[in-house]
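Me: I have a structure open that I have never looked at before, and I would like to go through it piece by piece. Could you keep the answers plain?

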Amino acid sequence: MQAQIQTLKPQWSILRPRGRVEPAPFKVYTQRDLDRIAPLARLSEEARFEMRVVSSVLPFRVNQYVIDELIDWENIPADPIYQLTFPQRGMLAPAHYDRVAELLRSGASKEALARVVDEVRHELNPHPADQMEMNMPRDDEGHRLGGIQHKYRETVLFFPSQGQTCHAYCTFCFRWAQFVGDKALRMASSEAAVLHNYLRAHPEVTDLLFTGGDPMVMKTAHLKSYVEPLLAPEFDHIRTIRIGTKALSFWPHRFVFAEDADGLIELLERVVESGKQLAIMAHYNHWKELDTEVAQAAIRRLRGTGAVIRAQGPLIAHINDDPAVWARLWQKEVELGIVPYYMFVERDTGARNYFEVPLVRAWEIYREAIQQVSGLARTVRGPSMSASPGKVEVQGVAEIVGEKVFVLRFIQGRNPDWVQRPFFAKYDDKATWLNHLRPAFGEEKWFWEDEYAAIRKAKLSVAA
């Protein structure tokens, strides 16, 4: 009888008044397959060539679910999910675009193209916020522990090698360097023992985030090898396990119809039953990602494990730089039992010139959107910059003793003492990142600047 219940359980979770969600095969396309994506045939030859140029530099991957279910092909190129997944010419600076386009048009050798592409990629700040130099810890012999980041005292990030791809790629992704095949730019570890040994040695760590890429690309057996040992008493100091994923948007079938979906659900239930908090850190950029029946079925099934789904994503031009989009997204998340968590500022990497929004406009969008939703949706924090010193939130614009300023605060910092301390920057309507801002009121430096410089110097001296 118990076996029958377990067999029926997934079917119960996907029933909707509108009908039953149907399984579908996972079919993926990369740059080599651009000519096989049927809807692209309606584009001009030049537009398809532009895609080829941009996708020679920035990673491209999309699947049939995104193509069929999320993109309105009557609204191209303005459709937000199209912008989110398909390369556009403006994603490369003109000089970078022209260099690569010239080689492709002239039929240059693979070697010549690879050299230029590599040069362009290294000019796109592939690892922002010093994450390679300052966030990756070292062992007793001074060797860098690949696949681990430990920037904030309580939280460790782990990059399992089996999860360093995604069901589809976001064009704005700040971790794009993970996906271009250059091992020097990649962070990953396939050794569970490295993670577990590090956590044993750091009892101050309470939160572990599995990230990527997308850990939900992994087979359940691989995820289990990392997660299951953490349920032992020796890891009682790990109170929260987080899993960052875009799969709820780009391949929700993973949680409903995949052959190991039941095993995944059982693993997540075990985490919750162990007494640990399980947080699914879902990446959403637009309310359209929540609108399909299978996406909602996947959400219900995950929530049924006892996990909390928290939603985060950046504010980005061409996709969601509209307060009405954010208000509708947050409201829909609340209706589906998801906790709105973060609105990020687009990071200073990759195609940032195409996607970035001035900080003042980001704050205005946040403010106008938050006014349209109830208190349950006002859990979202932002706009937040994940900069090298820490997560810096733009709290607003104010006039203080006759000077117009940005009001800022640390949500998280390399020194926990910085957290929640307000500080002020000169108003600049063109600034898009922390390094564009200058201290207000005639101050020469930020209150945290000297200490951060010392921290950075110490970290980089070890890395040298």
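Me: Let me start with the cysteines: how far is the sulfur of cysteine 170 from the closest cysteine sulfur?
Reply: Bear in mind that this is a predicted model. The closest cysteine sulfur to that of cysteine 170 belongs to cysteine 173 and is 6.4 Å away, which is too far for a bond. Because a disulfide is counted only for cysteine sulfur atoms within 2.5 Å, cysteine 173 is in no disulfide either, its nearest cysteine sulfur being that of cysteine 170.

Me: And how many disulfides does a search of the whole structure find?
Reply: The search of the whole structure finds zero disulfides.

Me: Is cysteine 170 buried or exposed?
Reply: Cysteine 170 counts as buried, since its relative accessibility is 15%, and the cut-off for buried is under 20%.

Me: Switching to the strands, what order do they take in the open sheet?
Reply: The open sheet is formed by 11 strands with mixed pairing, and their order is β5-β6-β7-β8-β9-β10-β11-β12-β13-β14-β15. At its edges stand β5 and β15, and because each has a single partner strand, one side of each is left without a neighbour in the sheet. On average, neighbouring strands of this sheet are turned by 30° against each other, with direction ignored.

Me: How many residues of β9 are buried?
Reply: Five of the seven residues of β9 are buried, so that the strand is mostly covered.

Me: What about β11 and β12, in which sense do they pair?
Reply: They pair in the parallel sense, over two bridges, and serine 384 in β12 is the bridge partner of phenylalanine 344.

Me: Phenylalanine 344 makes me think of the largest pocket; which residues lie nearest its centre?
Reply: Phe174, Arg175, Gln312, Phe344 and Arg347 lie nearest the centre of the largest pocket, out of a lining of 47 residues. The space in this pocket comes to about 1100 Å³.

Me: Which strands each supply at least two residues of that lining?
Reply: The strands that do so are β5, β6, β8, β9, β10, β11, β12 and β14. By residue type, the lining divides into 21 nonpolar, 17 polar and nine charged residues.

Me: Now a helix: why is α12 described as largely enclosed?
Reply: Helix α12 covers residues 293-303, and eight of its 11 residues are buried, so the rest of the structure largely encloses this helix. The buried residues include Val294, Ile299 and Leu302, and Arg301 is also among them.

Me: Where are the cis peptide bonds, starting with the one that involves proline 383?
Reply: The peptide bond that joins glycine 382 and proline 383 is cis, with an omega of about -10°, and proline 383 lies in strand β12. Another cis peptide bond runs from glycine 212 to glycine 213, with omega near 15°, and glycine 213 lies in the loop between β7 and α9.

Me: What is the phi of valine 401, and what sort of value is that?
Reply: Phi of valine 401 is near 40°, a positive value in a residue other than glycine. Valine 401 is found in the loop between β13 and β14, where it is exposed, with a relative accessible area of 76%. A positive phi also occurs at glutamine 420, near 75°, in the loop between β14 and β15, and glutamine 420 is partly exposed, with a relative accessible area of 47%.

Me: One last topic, the loops: where does arginine 32 lie?
Reply: Arginine 32 lies in the loop between β3 and α2, and it counts as exposed at 74% relative accessibility. Its C-alpha atom is separated by 22 Å from that of leucine 70, which is 38 residues apart from it along the chain.

Me: And glycine 275, where is that found?
Reply: Glycine 275 is found in the loop between α11 and β9, and it is partly exposed, with a relative accessible area of 45%. Glycine 275 and aspartate 236 are 39 residues apart in sequence, and their C-alpha atoms are 9.3 Å apart in space.

Methods
Residues are numbered from 1 along each chain as its sequence is written. This is a predicted model: local features need pLDDT of at least 70, side-chain atom pairs count only at pLDDT 80 or more; totals for chains, interfaces and linings use all residues. Side-chain values use heavy atoms; hydrogens and water are left out. On a 1 Å grid over the protein atoms alone, a cavity is a set of points where a 1.4 Å probe fits but cannot get out, and a pocket is an open set with protein on both sides within 12 Å along at least five of seven lines; lining residues have an atom within 4 Å of a point. Grid points are joined across faces, edges and corners, and a volume is the space filled by probe spheres set on the points. Helices (H or I, at least four residues) and strands (E, at least two) are DSSP runs, numbered from the N terminus. Ala, Val, Leu, Ile, Met, Phe, Trp, Tyr, Cys and Pro count as nonpolar, Asp, Glu, Lys and Arg as charged, and the others, Gly among them, as polar. Buried means under 20% relative accessible area, exposed over 50%, partly exposed in between (1.4 Å probe, protein chains only). Two strands pair if DSSP finds at least two bridges between them. Axes are lines fitted to C-alpha atoms, for helices over the stretch in contact, and angles run from 0 to 180 degrees between N-to-C directions.
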